[in-house]
Amino acid sequence: MDTSFFVAWMEEIATAVQAQRDHLTQLDAAIGDADHGSNLDRGFGEVRRALADSPPETPGSALLLAGSTLIRKVGGASGPLYGTAFRQMGKSLGDVPDVSLAELSTALDAALAGVQKLGAAVEGDKTMVDALAPAVRALAQAVQEGAKPEDALSAVAAAAQEGARATIPLQARKGRASYLGSRSAGHEDPGAASTALVLSALRTAGFR
Ligand code: ADP
Ligand code: MG
Ligand code: MG
């Protein structure tokens, strides 16, 4: 996976987030403040612009630029969390020009560690961690089994989607939704839903 793959990933995310903007905002209206779709749509639009303005030379620098842009342009909880995730991925990749599946797995693990260090959420707290953590495990397993890249990325997408759906019955223990207590149960977490979009876009970036 080369620099153009990672730029394509960011473009696929921007497209998916724009298409799902209202859906993400509806999820956030139920248990938050109804801004998750607009936060991410604005943020990934800025990421697309930043990458076009300063074309990155390595996968790592593409992800560092994406992360810094999200931190700068998106307020709320999700901007710094997504920004940290991409920055940690970028740092993990260093300046390798072509990323192996194993290196992507290590980088995604670093993203999860960064999100958990910043937000202190564990699995089951009804946050983006509930989609990210199973996806990290799915990729590690695929690497261990020597899976083909397209199968590995499909496994990542499936694990994230399943993790996001599994947040529906949970009671939120982190973020704005936690203020609702038991009333947060019965709704999918918006950040977990967007994380499933972000990770599913890896697969579409690979196939286009
Ligand atoms: P805000 O809640 O500030 O309006 P967003 O609506 O953009 O920000 O994002 C909300 C999402 O952020 C939640 O659905 C949840 O997935 C995620 N989130 C909030 N707090 C945390 C945290 N401490 N750790 C991980 N994810 C979190
Ligand atoms: Mg919100
Ligand atoms: Mg907000």
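Good morning. Of the 24 residues around ligand 1, those that come nearest are G76, S78, G119, G175 and G191; a residue counts as near when its C-beta atom, placed from the backbone, lies within 6 Å. This is a predicted model, in which local features need pLDDT of at least 70, side-chain atom pairs count only at pLDDT 80 or more, and totals for chains, interfaces and linings use all residues. Residues are numbered from 1 along each chain as its sequence is written, while chains are lettered from A and ligands numbered from 1 in the order in which they are written.

Which helices supply the shell around ligand 1 with at least two residues each? They are α3 (36-53), α5 (78-93), α6 (101-119) and α9 (190-207), and α9 gives the most, with three residues. Helices here are DSSP runs of H or I, at least four residues long, and strands are runs of E, at least two, numbered from the N terminus. By class, the shell has nine nonpolar, nine polar and six charged residues. Ala, Val, Leu, Ile, Met, Phe, Trp, Tyr, Cys and Pro count as nonpolar, Asp, Glu, Lys and Arg as charged, and the others, including Gly, as polar.

I turn to helix packing. Helix α1 (residues 3-19) packs on α3 at an angle of about 150°, with the axes 9 Å apart; axes are lines fitted to C-alpha atoms over the stretch in contact, and angles run from 0 to 180 degrees between N-to-C directions. The two helices are therefore roughly antiparallel, a term for angles over 145 degrees. Among the residues making this contact are V7, M10 and I13 of α1 and L40, F44 and L51 of α3, where contact requires C-beta atoms, placed from the backbone, within 7 Å. The contact comprises nine nonpolar, two polar and three charged residues.

For helix α7 (residues 129-144) and helix α8 (residues 149-165), the axes come within 7 Å and cross at roughly 155°. That makes α7 roughly antiparallel to α8. Their contact includes P134 and L139 of α7 and V156 and A159 of α8, and by class it has 13 nonpolar, one polar and four charged residues.

Finally, over residues 4-204 the chain is 71% helix and 0% strand, and the end C-alpha atoms are 13 Å apart.

Methods:
Parallel < 35°, antiparallel > 145°, perpendicular 65-115°, else oblique. Contact = placed C-beta atoms within 7 Å.
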